Amino acid sequence: MMKKLIAGNWKMNGSLAANDKLLKDILAGLGQQASCQIAVGVPAVYLAQCQALLAGTKIDLASQDISTHEVGAYTGEISGAMLMDFGVRYAIVGHSERRQYHGETDEVVALKAQRALGCGITPIVCVGETLAEREAGQTDEVVKRQLAAVIHANGHCISEVVVAYEPVWAIGTGKTATPEMAQQVHAVLRAQLKAASEHADRIKLLYGGSMNAANAASLLAQPDIDGGLIGGAALKAQDFLTIIAATA
Ligand code: PEP
């Protein structure tokens, strides 16, 4: 059976001191047994610090973004090759906060996924509907459109991506999709991936949106939920550890 993936998204949180404590507490609590794959998505300025803290551990490093460009006059951007220099294994792309506050379109997100794959980084592609879209009955249509752009740009490499379904109304709000609601959308995404790739069964589909220590087990028990993308609860060692333990 495929190992689940629990990925933290720290967003714009942390400091040298806080990161040191958080990662040391998680590593101490993890001990030898980790029944799943684990990653933390840290702010770019802390990649070097976290790379050093995580060297030789079971926790992989993720970035929260990646440039659509490879090199050159793009002030403020960080390329895939630069991320590779710091041992980054995953890049979160198309998080709803990037779509919303930085105007990232489906095409930009698809190109970011392509750039990541091009340098051996696994993109964690985020898709998800807003509350207005859900209420208008457009959930399936929206997530399929977002994923279709990534499939279109990446051809057979699509089997190498991770997809995170993150309903925008559930992110940071304490409102979680019920396991049934999440499973329903995951099944839609799995069917779409099956039509695009014969290896769709090995593509991890994560759920994200107020997943926490209390609700993780029931979400992770769904047949098409292969892990979680965790925001707020990834900043608390004990909560993150409880979510990791819920994959067992
Ligand atoms: C996220 O930002 O990816 C996320 C899921 O956040 P939260 O867990 O805080 O809702």
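Which residues have the most contacts inside the largest nonpolar core? They are V40, V163, L189, L193, Y207 and F240, in a core of 62 residues, where a nonpolar core is a set of buried Ala, Val, Leu, Ile, Met, Phe, Trp, Tyr and Cys residues joined through side-chain atoms within 4.5 Å, and buried means under 20% relative accessible area, exposed over 50%, and partly exposed in between, with a 1.4 Å probe and protein chains only.

Before I go on, this is a predicted model, in which local features need pLDDT of at least 70 and side-chain atom pairs count only at pLDDT 80 or more, while totals for chains, interfaces and linings use all residues. Residues are numbered from 1 along each chain as its sequence is written, and side-chain values use heavy atoms, with hydrogens and water left out.

Let me turn to the ligand. Oxygen atoms of the ligand lie 2.7 Å from a polar side-chain atom of E166, 2.7 Å from a polar backbone atom of S210, and 2.8 Å from a backbone N or O atom of G231. Of the 290 Å² that the ligand exposes when taken alone, the protein buries 95%, by the Shrake-Rupley method with a 1.4 Å probe.

Finally, two individual residues. N19 sits in helix α1, residues 16–30 (a DSSP run of H or I, at least four residues; for strands, E, at least two), and N19 is called buried because its relative accessible area is 1%. Outside its sequence neighbours up to four places away, N19 touches W10, G14, Y46, Q49 and L53. Q37, by contrast, belongs to strand β2, residues 37–41, and counts as partly exposed because its relative accessible area is 23%. Among the residues that Q37 touches are K3, R89 and K204, and the side chains of Q37 and K204 are joined by a polar contact of 3.2 Å, that is, a pair of N or O atoms within 3.5 Å, one able to donate a hydrogen and the other to accept it.

Notes: Contact = heavy atoms within 4.5 Å.
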